Amino acid sequence: MNSVSKGSDMANSYLSDETITRCESGSKEEKVKLSKDVTSAWSDIDTFAAAIRSGKTSWEEISPDDMDIRLKWAGLLHRRKRTPGKFMMRLKVPNGIVTSEQMRFYGESVEGFEEDVGVVDITTRQNIQLRGVTVEAASTIIAGLHALNQTSFHSALDNVRNIVGSPLAGISPTEILNTIPLTTKINDMLIRSPDGTFGNPRFANLPRKFNIALSGGDDDFSHCNINDLGFHACKSSEGELGFNLDVGGYMSIKRVAESVPLNLWVPEESVVKICESVLTVFRDEGERKNRQKARLMWLIEEYGVEKFTERILEEAGGKEEGGFKDRQEHVIRENYVRQEILGVHAQDEERSRVGLHIPTGRLTRYSCKAIADLADKYSDGEIRLTVCQNIILPNVSNSDLIALEADVNLIDNVDFSAGLIEGNVVSCTGAQFCGLAMVETKANARRVSARLEELVTVPKAVRMHWTGCPNSCGQAQCGDIGLMGAPARKEIDGKKVAVPGVNIFVGGKIGENPFLQLEPRIKGVPLDGEEVVDVLAEILVKDFGAVRR
Ligand code: SRM
Ligand code: SF4
């Protein structure tokens with residue numbers, strides 16, 4: 001498997017001759033990936049930056065294969081269509097744990113850029129993206145991240161995306177297992193080279209992106225069902241800690257698939273091993289030609305669930321060897337109620353965790369600094385990101401809560417409390433920066449949710465997920481209400497004209513017993529003006545017990 005004969009470099013040495021042959025006749029992306037070492041992106045960025053700084057070249061002269069594809073290996077996604085010459089830099093933040101120092105650094109990193117382009121986003125994978133980044137700035141930012149024990153490597157192109165864990169890990173009274181040490185170990189296995197530095201080519205060239213999520217308790221804040229690997233915490237019948245494993249969940253234009261359960265329970269100490277094993281099988285056997293069929297689910301279906309389980313156990317050294325067992329029964333506790341993230345909640349007798357609302361996950365250079373200051377003052381410098389694009393400050397002394405609220409109220413775009421509609425909006429990037437978007441999302445999400453708060457009151461939180469196109473980065477199918485960018489028509493001056501619109505999904509569920517709503521209830525609702533607001537208000541009244549104000 002580790003033959004080096006065809007691959008002329010370290011990265012390709014992890015691909016077998018057979019895989020390299022398949023890549024050679026594979027998709028355009030496979031050829032671009034194969035034509036230069038994975039590790040090149042990690043050093044090219046310094047070379048390009050130095051050349052631009054010294055005036056020897058400009059970003060326009062960098063080859064599009066490097067600029068638009070290979071630099072993604074370093075977490076740099078060129079926004080050629082929306083902000084030419086500027087990157088979005090995606091980081092890796094396992095389990096969404098950020099220090100105040102790192103948060104301050106994010107804000108400082110975008111300081112030199114134009115104000116509306118140089119922003120920072122919390123993503124739907126509990127992660128951070130910096131925007132407006134130029135080639136010259138990128139290499140300095142990467143060095144700064146590395147000095148803070150963080151990286152942007154391995155966050156885009158065909159590798160494992162941010163490892164999602166429970167945002168209440170270690171502080172939830174109902175937790176079965178703390179996901180933080182495990183998300184860190186998986187992340188380290190993936191991105192650190194044997195000498196501990198960032199960048200390890202071993203799983204950097206997969207057939208396609210790969211998502212891993214670990215859930216530490218019944219709430220499943222991590223959305224295991226839409227990840228390629230979803231680990232659900234569950235004690236074995238002997239009381240050992242571990243996880244039942246679900247596989248193959250994903251969303252795309254071509255297909256949205258809920259993960260399928262394996263008859264497999266993984267002890268805590270074999271989690272990294274089973275990740276390595278699945279990734280090895282996926283890397284070596286996954287589809288390399290048709291990118292629409294290159295997600296893990298297609299390989300599982302080729303094998304059949306049982307044979308796939310046998311194959312990954314074989315790769316992991318055997319069932320007994322790793323302490324693996326058949327799937328263990330997990331009974332959800334009686335009167336289970338999913339815990340709330342936003343707001344103030346008891347952590348222990350003296351301390352609280354405080355969930356702060358960040359509208360659509362958008363942070364400015366100012367709010368990054370202000371949040372870092374809050375964390376230093378109130379939460380031992382710790383900040384936790386959530387897949388709902390909000391933050392949690394843990395460990396806040398109960399006697400500090402009033403002062404914290406007063407401080408938060410001074411910060412723009414950070415809310416101590418938010419409405420049941422506005423507080424539960426999730427939104428993908430949309431047309432402001434994303435070249436694939438059919439519509440603008442974040443601004444619309446804010447405008448529409450604010451209007452809805454004016455029009456109706458709802459008895460409980462309603463989760464609205466906005467996504468600018470069917471790739472569903474904003475996970476529309478999971479939302480109580482999902483809005484997906486789509487074509488629409490509107491009568492203007494007596495004529496029907498094409499306008500940006502949304503398809504509206506109703507009834508997705510998260511947590512235990514999740515449900516993906518695959519079919520939109522209403523299609524092609526124009527996004528500008530009041531029509532979309534009226535349609536949503538009607539849905540809120542009919543399906544969610546809303547009352548008109
Ligand atoms: Fe995504 C592609 C943004 C979570 C499915 N996604 C993209 C690109 C890179 C397209 C592009 O080049 O412009 C978007 C970058 C826009 C930008 O400038 O930010 C993009 N995806 C995002 C983020 C930032 C949305 C957000 O605002 O939070 C999320 C970043 C997560 C992270 O930190 O890594 C994001 N994307 C998701 C999710 C949700 C999840 O992981 O839970 C999904 C569905 C789950 C999945 O992947 O199975 C998702 N994104 C996609 C797809 C469809 C994948 C496929 O198999 O076809 C694409 C298209 C692609 O990869 O070719 C895509
Ligand atoms: Fe871009 Fe579409 Fe993903 Fe939104 S859902 S970030 S528009 S690719």
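On a 1 Å grid over the protein atoms alone, a cavity is a set of points where a 1.4 Å probe fits but cannot get out, and its lining residues are those with an atom within 4 Å of a point. Grid points are joined across faces, edges and corners, and a volume is the space filled by probe spheres set on the points. In this predicted model, local features need pLDDT of at least 70 and side-chain atom pairs count only at pLDDT 80 or more, while totals for chains, interfaces and linings use all residues. Residues are numbered from 1 along each chain as its sequence is written, chains are lettered from A and ligands numbered from 1 in the order in which they are written, and side-chain values use heavy atoms, with hydrogens and water left out.

By this rule the structure holds one cavity of 30 Å³ or more. The largest cavity has a volume of about 80 Å³, and among the 13 residues that line it, Ser166, Ser172, Gly216, Gly217 and Asp219 are the closest to its centre. The lining comprises two nonpolar, seven polar and four charged residues, where Ala, Val, Leu, Ile, Met, Phe, Trp, Tyr, Cys and Pro count as nonpolar, Asp, Glu, Lys and Arg as charged, and the others, Gly among them, as polar.

We turn next to the ligand. Ligand 1 is surrounded by 28 residues, of which Thr123, Arg131, Lys209, Thr429 and Cys473 are the closest; a residue belongs to this shell if one of its heavy atoms lies within 4 Å of the molecule. By class, the shell divides into nine nonpolar, twelve polar and seven charged residues. A polar side-chain atom of Arg131 lies 2.7 Å from an oxygen atom of ligand 1, and a polar side-chain atom of Asn127 lies 2.9 Å from an oxygen atom of the ligand, whereas for Thr124 a backbone N or O atom lies 2.8 Å from a ligand oxygen. The elements that contribute two or more residues to the shell are β2 (87-90), β5 (128-133) and β9 (250-251), strands here being DSSP runs (E, at least two residues) numbered from the N terminus.

Elsewhere, strand β13 (residues 351-356) is mostly covered, with five of its six residues buried, that is, under 20% relative accessible area with a 1.4 Å probe and protein chains only. Strand β12 (residues 343-346) pairs with β13 in the antiparallel sense over four bridges, pairing requiring that DSSP find at least two bridges between the strands. A hairpin of four residues joins β12 to β13, and Gly343 has Gly355 of β13 as its bridge partner. β13 also pairs with strand β16 (residues 391-397), in the antiparallel sense over five bridges, and there Ser352 has Val396 of β16 as its bridge partner.

Notes. On a 1 Å grid over the protein atoms alone, a cavity is a set of points where a 1.4 Å probe fits but cannot get out, and a pocket is an open set with protein on both sides within 12 Å along at least five of seven lines; lining residues have an atom within 4 Å of a point. A polar contact is a pair of N or O atoms within 3.5 Å; within protein, one must be able to donate a hydrogen and the other to accept it, and residues adjacent in sequence count only if both atoms are side-chain atoms. Buried means under 20% relative accessible area, exposed over 50%, partly exposed in between (1.4 Å probe, protein chains only).
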